[in-house]
Amino acid sequence: MEHQDLVDKNEESVHSIEKVNNTEDQDKMNEVEGVKSELVNVDESKDLQSETSSIQEVQGSNSKGSEAEIKVNTNGQEYSGDKEGANGDCEPARLELNLDKEKDDRKDMESAHTNEKVDEVLGEDHNMEPVFDGTEVPGLEGFRTTSTRKQDGDQESPRMVEKAVALKNFVKEKSAVAVSTMLRRLSGRRGEGDLGNFDDEGKDISDPSKEGESTVVAEKGGQKSAWNPLNYIKKSSDVDGENKTEQGDSVNGNPNTPIDMKGRIILYSKLGCQESKEIRLFLRAKRLRFVEINLDVYPSREKELEKFSGSTSVPKVYFNEILIGGLSELKTLKESGNLDEKIDFLIGEAPLFEAPQPPLSGEDDDSSSGAIDELAVIVRKMKESIPVKDRFHKMRRFTNCFLGSEAVDFLSEDQYLERPEAVEFGRKLASKLFFYHVLDENIFEDGNHLYRFLDDDPIVASQCHNIPKGITTVKPKPIAEIASRLRYLSYAMFEAYVFEDGRRVDYTSLHASEEFARYLRTVEELQRVEIWDMSREEKLAFFINLYNMMAIHAILVLGHASGAMERRKLFGEFKYVIGGSTYSLSAIQNGILRGNQRPPYNLKKPFGSKDRRLKVALPYPEPLIHFALVCGSRSGPALRCYSPGKIDEELTDAARNFLRSGGILIDLAAKDASANKILKWYSIDFGKSEVEVLKHVSNYLDPSNSEVLLDMLATSEFKVTYQPYEWGLNA
């Protein structure tokens, strides 16, 4: 009987343990399933599934273990793997030990999963900024603006349903893009095309005599790339050659297929010279490539021109060492039939030493000149002296950091300062944007705080294209001076390398120009410039001009963005360092110029509440900037330069030019208004509904068209359609 009672008790113990296991396991499974249903990220779902399977495996092993630990031998004695036997009096203690062991196993398993999660997040959190890549998510417009004309309250409930569906579509769309981007990066694919011979700053690193050969591009960080952006641009233009010919555009010729000649054409000009514009058109019509020397950009060449020609008046054209003259002389040569003879001379004869030379690298360039920054010299020495390495802080890994105490030690010894004085000196260096706290928790403090030099930032090192290697020792110049020089350079390049209508760019000639090389040197000065006190007009002119030139620079480095993924890289990953912060094209457009508004079809603003760039953003959106920003697409507005003193007048003129040149078309008979998609994507900047948007743009139409549009809005039903947006390159 005693043996039978012991067996019965053992069976009850086994059932009790199994019941506890099942109860705890079911609670665990319910918790996991609840979390799993809330997650939408694919990777998290996979991690959760693996966690669930691990829990199930542990459940099975625990159940089997609990059954195996408590057994009865033929004599009715209990054992559980120990050498020591047990009788019925020790059974409760044995059960408690087994339960405690099982709980410890569960804690160990959860700890292992926690450690795995910690390993995954050990690294810096670089949140991808929101970017509009041209992909429209149906229904998501409701998150940005109320585009319906009626605002009745009974529509609120259906609109909430539409928003829920739109959010679902948005998550699905962005998840697909994220997965595609990850797979592309893992596969190492950078793009299609032949090997190129241009570095990441767009500079030619090849031998001119071997222009057609393929070379390897040296990118930042010593990486190699097979990307050849200019070859892709050329292919894009060649593909459109037939369409241009059919449209009668053959008069201008293809800027990428000039006549091959040994000689050289030099054009002396000045900014705003109308006769110089006509000479450019004349030479392009003859498919003659020329080098332009703008006396406003190269003032030292004025003496050279006077020496060669006897006067400083422009324009003047040279074929090798032979002075041709101005526009009237060119037309006279054409009418007399002698122009073809001169062109044959250029094709077969190289220029003599006496011929005018193209601009030299760094000629009349003030970007690399200036007073030595003594603070920069100290920081450069500090960077060479203190240990800069990867460190862990708050369960995260930060690359290329140094401790505040190490910096204080150096400053105390190098500058003969007491530690409190060294801390104050370190704060002065941080305020000059030489380094910053990795979490922006303070300016500079002594102790185990982590700081990083600006050029060691991983985003700066990998995505910013205006920061030289190392610390620049030239003292930063005022932003007004840099903006003025950039404006003059942009003006000169647009006149020389942008076609008359402003809608097409000769990328190849612009890329090879000394003006573009000077532009690259000038934007390097922006890394530590102070931009906080700029006025509204100064910000508008500076950032619009910078955006347009930055887009050209990005196209020359990355190539034409033909698809959504390429556009995301163009708009979101090509950046400049300005005033110690990084700015992409999307950040400039949506963060600065639109007053920190969400990009189309995005739920996130560019700048968070603690973002330093928020201090630079305009207080409210400027709707007319959409008629001035040029991203390199054919449906975009015309390229032009903007100045702070006339910014509102120039933006108004740009809006009129864009809208009257096909930006909006009105068909009175069909009661239809066909608008550029810019007015759809950024409708919230113009009004709360389509009616308000159209009323806004009517102010910039011809008076007759404006009156027709307003009458349609007031008296009749009409529909609004949007023109397909052409993302093709404006070349």
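Start by selecting Phe516, Tyr519, Leu520 and Val523 in helix α17, then Leu546, Met549, Met550, His553 and Leu556 in helix α18: these two groups meet, with contact taken as heavy atoms within 4.5 Å. By class, this contact has eight nonpolar residues, one polar and none charged. (Ala, Val, Leu, Ile, Met, Phe, Trp, Tyr, Cys and Pro count as nonpolar, Asp, Glu, Lys and Arg as charged, and the others, Gly among them, as polar.)

A word on what you are viewing: this is a predicted model, where local features need pLDDT of at least 70, side-chain atom pairs count only at pLDDT 80 or more, and totals for chains, interfaces and linings use all residues. Residues are numbered from 1 along each chain as its sequence is written, and side-chain values use heavy atoms, leaving out hydrogens and water.

Stay with α17 and pick Phe516 and Tyr519 again. Their rings form a stacked aromatic pair, 5.9 Å centre to centre with 25° between the planes. (Rings of Phe, Tyr and Trp, the last by its six-membered ring, pair if their centres lie within 6.5 Å; planes under 30 degrees apart are stacked, over 60 edge-to-face, the rest tilted.) The two residues are three apart, about one turn of the helix.

Are they buried or exposed? Phe516 is buried at 1% relative accessibility, and Tyr519 is buried at 1% too (buried means under 20% relative accessible area, exposed over 50%, partly exposed in between, with a 1.4 Å probe and protein chains only).

Finally, select Phe132, Phe571, Tyr601, Trp681, Tyr725 and Trp727, which form one aromatic cluster. Within it, both Phe132 and Trp681 are buried.

Key
Helix = DSSP H or I, 4+ residues; strand = E, 2+ residues; numbered from the N terminus.
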